[in-house]
Every structure is written in C-alpha cells, then in structure tokens.
Amino acid sequence: MHPLRILDRLEEILIASLMAGATLLIFVAVVHRYASGIDALYSITAAIHLSWAQELCIYMFVWMAKFGAAYGVRTGIHVGVDVAVNQLPPAWRNRIVLFGLLCGALFTAIVGTMGARFVYGLVDTDQTTPDLELPSWIVYLAIPLGSYLMCFRFLQVAWSFWRTGELPHHDPGHVEGVVESPHAAQDLAAEEARTGGPAR
C-alpha cells in the first residue's frame, strides 16, 4: 500500500476512534450521574469514580479537532468563500488559489513550530493535568502534530492543484465504500416522474 494511503487511513482511524471513544465516555458518565441519584443503585455507583471523564473528553475532542482540520483540507470540506475568485480569468484564479494554499501551509507551519517549542518547554517540567495527572506536554502535543499534518495537507493539495488544476471536492451525497450504480440517477428520475414528486 502507498505510504500516503496508509497516512490517510491512520488519520481517519484516529479521528473516528477519538469521536467514538468520547461519545461512549460521555454516555457512560451521564448514565453514571443519573444512576447515582437512584437510592437502590447508589451503593454501586458510589464505588465508580468518573471525575476524570470530562477532562479526558475535552482532550479527545481537541485532538480530534486538530486532526479533523487536516482531514478537512485533504477532502475539501472546509467552508470557503470563492465567489469573487471564481469570477476571475482562469490564469489569475489558479494563481490566487495556489497562493491561498501556500499561505495556509505557511500559517500552519508557524503554528506547528510555535506549538513544538511550547511542548519542548513543557517536557522538563512537572506540570500535569488536574484530574488525570497526565504530563501536560502529552496533551499539548496535539498542536504541533495536528498543525504539521495540516501543513502537509495544504502542500499536498497545492501540488495536486498545480499539476491538475483541480481542488478536492466533497460530495455530501457520496458514501465512501459504496459503489453507485450508473443507472441510479435515471432510476431516481423515473421514480419521481411516475409518482409526481421526490422519490422516498
């Protein structure tokens, strides 16, 4: 398998795992909180301490957001206002789009470098998180790692755009892994014509 494909898959697995883990943890914490208010279950729930769950969920969402931003650059799902750019002649449009991508790469490289310096300064300290008592540098490591990955994705998209003139485009109707029938659109149109309205 191509190294970039491996990186893509690891990125997707990390984001999905963090999202699923945080959701499950929040669900368990909420159930635990409400169960603690029931007299019959209090003796069981009192022995289970989940005071750390909120802090861990926050860290998981921060990591998910940083790596999700890189995923957004790669797949083209970030919101962008390109009305004025699309009115320009193709040559100028291409230059401005490429300039914007390179500015994004520069900005994320700067953020990543500043984050790396900050994390490096934390490594030699005894600073820990309040509830989990994790070394703080582990939590803040999301900043340089996520920013450098986002920088790489900006450069990857810029290189692809320079070669092909196309940006990644996200189709909200597409489900990855599902092969769409070439006759699906025709079947849908025929069904709408037959029923006189949108197909259900």
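Some ground rules. This is a predicted model, where local features need pLDDT of at least 70 and side-chain atom pairs count only at pLDDT 80 or more, while totals for chains, interfaces and linings use all residues. Residues are numbered from 1 along each chain as its sequence is written, and side-chain values use heavy atoms, with hydrogens and water left out.

The chain has 8 helices and 0 strands, taken as DSSP runs (helices H or I, at least four residues; strands E, at least two). Of its 200 residues, 25% are buried, meaning under 20% relative accessible area with a 1.4 Å probe. Take the contacts (heavy atoms within 4.5 Å) between residues at least 6 apart in sequence: 73% of them join residues at least 24 apart.

A pocket here is an open set of points on a 1 Å grid where a 1.4 Å probe fits, with protein on both sides within 12 Å along at least five of seven lines; lining residues have an atom within 4 Å of a point. There are 22 lining residues, and His 78, Gly 80, Asp 82, Leu 101 and Leu 167 are the closest to the centre. Helices H3, H4, H5 and H7 each give two or more residues to this lining, and H5 gives the most, with 5.

How values were computed
Buried < 20%, exposed > 50% of the residue type's maximum accessible area, 1.4 Å probe, protein only.
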